[in-house]
Amino acid sequence: SRYQGQRLCDTIMTFDIETTSCYIDRSGTPVVYDYNNPGMKWIDNAGRSHKMQRAGVMYHWQFKIAGCHFTGRSWEDLKTFMQELHKLCPARKFIYVHNLSFEFGWLPNVISFSDPEDIVLARETHRVMSAYTKEYNTEFKCSYYLTHKSLASWAKQIGMEKSKDLDYNVIRTPLTPMTESEIRYCLIDVDIVYRGIEIFKEKYKHVYNIPLTQTGEVRRELRKVYKKDYYFYEVCRKLQPTSLLQMQWLLSAF
């Protein structure tokens with residue numbers, strides 16, 4: 001195992017954030033996207049066109065660990081939470097995020113991923129599968145790559161239901177009061193991922209044994225078949241490309 005010799009935390013943890021995206025108009029006021037102005041432009045007194053600056057803010061984060069919810073409204077809150085969590089559990093922790101690529105666009109603002117021992121795995125730019133930070137001895141893992149399902153589809157598969165989306169035409173900040181129904185919407189997302197990972201943990205016995213991707217699941221099942229059927233293993237082995245040119249042909253066809 002790549003974790004050999006390390007102290008590992010086997011507690012399920014899930015994390016999610018809620019953000020507001022908006023544009024800044026000529027007066028400096030944040031405004032929502034206007035479908036009648038798809039370019040989000042404004043015209044000055046000289047008749048010149050200017051594009052509004054895009055902006056975004058995180059206004060609520062939610063975390064579930066050992067069946068308990070923790071929430072906050074600012075990055076400072078999250079940093080304090082991560083520090084306290086690391087003090088209580090210095091072992092390597094695994095936090096699941098559905099569509100980690102989105103959260104990772106924000107997380108480096110508050111969590112360091114620049115240490116030589118930090119590891120970020122991505123299939124391509126902005127397609128993050130996992131991100132390890134030595135600062136908190138924590139590995140964020142993307143549950144989307146494990147399931148290849150939207151949160152709503154995954155919820156349906158495991159017998160849960162994703163609540164209706166928040167009204168994204170409302171600009172929210174960490175100071176915006178939130179209703180009970182809005183907070184419930186936020187919490188259901190981490191609940192779905194938490195229950196989904198519980199099912200994977202039941203199958204693989206430990207959180208740290210869960211494959212990183214759906215392909216990893218298939219790979220493990222194939223290894224079991226190989227051990228029972230050497231002839232099938234040899235057939236599959238002969239199908240492997242034997243040169244770079246063959247590999248390029250196969251990738252192109254795929």
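Rings of Phe, Tyr and Trp (its six-membered ring) pair if their centres lie within 6.5 Å; planes under 30 degrees apart count as stacked, over 60 as edge-to-face and the rest as tilted. By this rule, the protein holds 16 aromatic pairs. The model is predicted: local features need pLDDT of at least 70 and side-chain atom pairs count only at pLDDT 80 or more, while totals for chains, interfaces and linings use all residues. Residues are numbered from 1 along each chain as its sequence is written, and side-chain values use heavy atoms, with hydrogens and water left out.

**Figure 1. The whole protein.** The secondary structure comes to eight helices and 10 strands; helices (H or I, at least four residues) and strands (E, at least two) are DSSP runs, numbered from the N terminus. The C-alpha atoms fill a box of roughly 75 × 50 × 40 Å, taken along the principal axes. Of the 254 residues, 38% are buried. Buried means under 20% relative accessible area, exposed over 50%, and partly exposed in between (1.4 Å probe, protein chains only). Among contacts (heavy atoms within 4.5 Å) with a separation of 6 or more, 64% join residues 24 or more positions apart.

Figure 2. Tyr 226 and Phe 232 form a tilted aromatic pair, 6.0 Å centre to centre with 45° between the planes. Tyr 226 is partly exposed because its relative accessible area is 22%; Phe 232, at 31%, also counts as partly exposed. Elsewhere, ring pairs link Phe 15, Trp 61, Phe 63, Phe 70, Phe 81, Phe 104, Phe 113 and Phe 140 into a cluster.

**Figure 3. A nonpolar surface patch.** Leu 222, Val 225 and Phe 232 make a nonpolar patch of about 200 Å². Patches are made of residues with over 30% relative accessible area and no salt bridge; like charges are joined within 9 Å, nonpolar side chains (Val, Leu, Ile, Met, Phe, Trp, Tyr) within 5 Å. A salt bridge is a side-chain nitrogen of Lys or Arg within 4 Å of a carboxyl oxygen of Asp or Glu. Accessible areas come from the Shrake-Rupley method with a 1.4 Å probe, and for residues only the protein chains shown count as cover. Leu 222 lies in helix H6 (residues 214-228) and is partly exposed, since its relative accessibility is 32%.

**Figure 4. Helix H5 and the residue after it.** Helix H5 (residues 180-204) has 25 residues and, at 1.5 Å a residue, should span 36 Å; its end C-alpha atoms are 36 Å apart, so the two agree. The expected span is 1.5 Å times one less than the number of residues. Just after H5, Lys 205 takes a positive phi of about 75°.

Figure 5. Cys 142, in strand S10, is buried at 1% relative accessibility. Cys 142 and Val 97 are 45 residues apart in sequence, yet 5.1 Å apart in space, C-alpha to C-alpha. Not counting residues up to four places away in sequence, Cys 142 touches several residues, including Val 97, Asn 99 and Leu 212. Glu 103, in helix H2 (residues 100-104), is buried at 2%; with that same exclusion of residues up to four places away in sequence, Glu 103 touches Phe 15, Asp 16, Ile 17, Val 97 and His 98.

**Figure 6. Two loop residues with positive phi.** Asn 137 has a phi near 45° and sits in the loop between strand S9 (128-133) and strand S10 (138-142). Asn 137 is buried, at 15% relative accessibility. His 148 has a phi near 55°.
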